[in-house]
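Dear colleague,

Here is the structure I promised to hand over, with its sequence. My notes on the chain as a whole and on one of its helices follow below.

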Amino acid sequence: MKTLLHSAAALSVCALFPASAQAASTAPDVATAIARDLPGLMTTYRDLHSHPELSNQEVRSAAVLAKAAREAGFTVTEKVGGTGVVAVLRNGEGPTVLIRADMDGLPVIEQTGLPFASVQRGTSTAGVESGIMHACGHDTHMTAWIETARLMAARKSQWSGTLVMVGQPAEETGEGALAMLKDGLYSHFPKPDYTLAFHDSADLPAGQVGAAVGWALANVDSVDIDVKGIGGHGAYPQATKDPIVLASAIVMKLQTLASRETNPLDPVVVTVGSFHAGAKHNVISDDAKLQLTVRSYSDETRNRLLDGIRRIARGEAIASGLPDPLMPVVTVKEPHTRATWNSPEFTQTAVADLKAQMGEANVVVTPSVMGGEDFGEFRRADEDHIQSVIFWVGGVDPARLAAAKSGGAPLPSLHSPFWAPVADKVIASGSEAITLTALRLMPRR
């Protein structure tokens, strides 16, 4: 049954990407419009970059998106799932396409040296005060979202269907998409047949568009392990049960989850990012705390890893002679970020179409990555009905990228305080790729 359904889906996707003279003439028209609009878009980008907001606090950013969508002719609803924005443009019969941009910044002190660098500070919902920076490029996403809304509204004669533009909060904490869905995104607004998004890339040359086929981004779990012990004097270890030694054994054994318990063709990551214990040279503490990030793709692999972490923690504690009341406590943080899946047939067809419209060298198939993105929740809410793709759009100067690959200075990654994408290229290619894909999904019959 799945094979038949997938074949039917592939046929329907192909039917929505017809090879036509009208389609062939769309790309130059869209690219010309973006080039004309780019100076104003860069003003918007610099404003958004200078005023980042932390997750679930995106009030100003949401207002910028809502205002732009209203001016373009959309019906706009604010405060969906907290600070989320939903803009709807109905244009006759046809499919419904959802286009998402994420809005939140990160608790990072910017060090790019840009003249419009952020100097904002704020306090997260966890109570931590810090600098704030768009260190993941969401400012480029929002700017391209605005341009896409304008381009689609100006071309209503070229498409038929319903366009739903979503400004999503709290992507960085993995909460925003679920919050919008729980707040009635698919019951109060048209439910999509297709969901589209893009993310800037610190690995692709500026302006190049890419997409992974199938798994695009990973499950992301944050796991805490509270390792108990029996403290005492460092000179008399025989009277203690040292939690540091036990925690160290757990750290080393955890590595076998990837190296010995997982198929090498099924990528996983188990990283211990934090190890805290003790306060003085000659005191054996009675507690050690570990913090892990755990990455996987399938739900089955995720469950096996988490079960393995619990088993190893308990097993090593038993081997160390700890009594049952002092067994380690393993806590898996919820909500976790679930893996993002690019519908294979849809993605392959969309990539091929963009190659034809934007140029063969400008669009590529990319590998899956172990980063996380909650965009996948929009498809997961109705997996049998919704097809989805998230594109990458390169943000690295090609000369710097070539130099880095030749042994030169390493490049900053996403979330780095030094990350400054070539914003005009990201915005131009991102809005072009999303607009062209949406137009081809909703042809006027």
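Of the 445 residues in the chain, 52% are buried, where buried means under 20% relative accessible area, exposed means over 50% and partly exposed lies in between, with a 1.4 Å probe and protein chains only. Please keep in mind that this is a predicted model, in which local features need pLDDT of at least 70 and side-chain atom pairs count only at pLDDT 80 or more, while totals for chains, interfaces and linings use all residues. Residues are numbered from 1 along each chain as its sequence is written, and side-chain values use heavy atoms, with hydrogens and water left out.

The secondary structure comprises 12 helices and 18 strands, taken as DSSP runs (H or I of at least four residues for helices, E of at least two for strands) and numbered from the N terminus. Along its principal axes, the C-alpha trace spans about 80 × 55 × 50 Å. Among contacts with a separation of 6 or more, 82% join residues 24 or more positions apart, a contact being heavy atoms within 4.5 Å.

Turning to helix H3, the buried residues are Ser61, Ala62, Leu65, Ala66, Ala68 and Ala69. Seen down the helix axis, these buried residues fall within an arc of 165° and therefore line one face of H3, the arc being that of the directions from the axis to the C-beta atoms. The face turned away from the buried side of H3 carries the exposed residues Val59, Lys67 and Glu71. Just after H3, glycine 73 takes a positive phi of about 105°.
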